[in-house]
Amino acid sequence: MNKPDTITALYCRLSQEDALDGDSNSIINQKSILGKYANDNQYPNP
């Protein structure tokens with residue numbers, strides 16, 4: 001039986017104050033930090 005590809009979900013939270021500005025610095029930083037963590041800890045397919 002083949003195992004399906006594993007997907008790692010990364011969760012970023014956008015505050016309502018930043019919601020009108022699109023991708024704020026906060027979201028960009030969160031994505032970067034979470035992506036690095038997933039990569040460093042060998043989480044697949046983030």
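Is tyrosine 43 buried, partly exposed or exposed? Select tyrosine 43 and show its surface: at 41% relative accessibility, this residue counts as partly exposed. Here, buried means under 20% relative accessible area, exposed means over 50%, and partly exposed is in between, using a 1.4 Å probe and protein chains only.

**Before you go on**

This is a predicted model, in which local features need pLDDT of at least 70 and side-chain atom pairs count only at pLDDT 80 or more, while totals for chains, interfaces and linings use all residues. Residues are numbered from 1 along each chain as its sequence is written, and side-chain values use heavy atoms, with hydrogens and water left out.

**Stop 1: the whole chain**

Start with a cartoon view. Of the 46 residues, 11% count as buried. The accessible surface comes to about 4,300 Å², and 50% of that belongs to carbon and sulfur atoms. These areas come from the Shrake-Rupley method with a 1.4 Å probe, and for residues only the protein chains shown count as cover.

**Stop 2: helix 1**

Select residues 25–40, which make up helix 1. Helix 1 has 16 residues and reaches 22 Å from its first C-alpha to its last, close to the 22 Å expected at 1.5 Å a residue. The expected span is 1.5 Å times one less than the number of residues.

**Stop 3: a charged pair on the helix**

Next, show the side chains of lysine 36 and aspartate 40. They meet in a salt bridge, with 2.5 Å from N to O, and the structure holds one such bridge. The term means a side-chain nitrogen of Lys or Arg within 4 Å of a carboxyl oxygen of Asp or Glu. Both residues lie in helix 1, four residues apart, about one turn of the helix. An α-helix has 3.6 residues a turn, so residues three or four places apart point the same way. Lysine 36 counts as exposed at 53% relative accessibility, whereas aspartate 40 is partly exposed at 45%.

**Stop 4: alanine 38**

Stay in helix 1 and pick alanine 38. At 2% relative accessibility, alanine 38 counts as buried. What does alanine 38 touch, not counting residues up to four places away in sequence? Look for Leu10, Tyr43 and Pro46; contact means heavy atoms within 4.5 Å. Then try your distance tool on alanine 38 and alanine 9: they are 29 residues apart in sequence and 9.5 Å apart in space, C-alpha to C-alpha.

**Stop 5: two tyrosine rings**

The structure holds one aromatic pair. Select tyrosine 37 and tyrosine 43 to see this pair, which is stacked, with 6.0 Å centre to centre and 25° between the planes. Rings of Phe, Tyr and Trp (its six-membered ring) pair if their centres lie within 6.5 Å; planes under 30 degrees apart count as stacked, over 60 as edge-to-face and the rest as tilted. Tyrosine 37 is partly exposed, with a relative accessible area of 48%.

**Stop 6: after the helix**

Which residue with a positive phi follows helix 1? Click on glutamine 42, whose phi is near 60°. Most residues other than glycine have a negative phi. Glutamine 42 is exposed, with a relative accessible area of 71%. Asparagine 45, also in the segment after helix 1, has a positive phi of about 45° although it is not a glycine. Asparagine 45 is partly exposed, at 46%.

**Stop 7: threonine 8**

Finish in the segment before helix 1, where threonine 8 has its place. Threonine 8 counts as buried at 14% relative accessibility. Leaving aside neighbours within four places in sequence, threonine 8 is in contact with Tyr43, Pro44, Asn45 and Pro46. Zoom in on proline 44: its backbone oxygen lies 2.7 Å from a polar atom of the threonine 8 side chain.

Key
Helices (H or I, at least four residues) and strands (E, at least two) are DSSP runs, numbered from the N terminus. A polar contact is a pair of N or O atoms within 3.5 Å; within protein, one must be able to donate a hydrogen and the other to accept it, and residues adjacent in sequence count only if both atoms are side-chain atoms.
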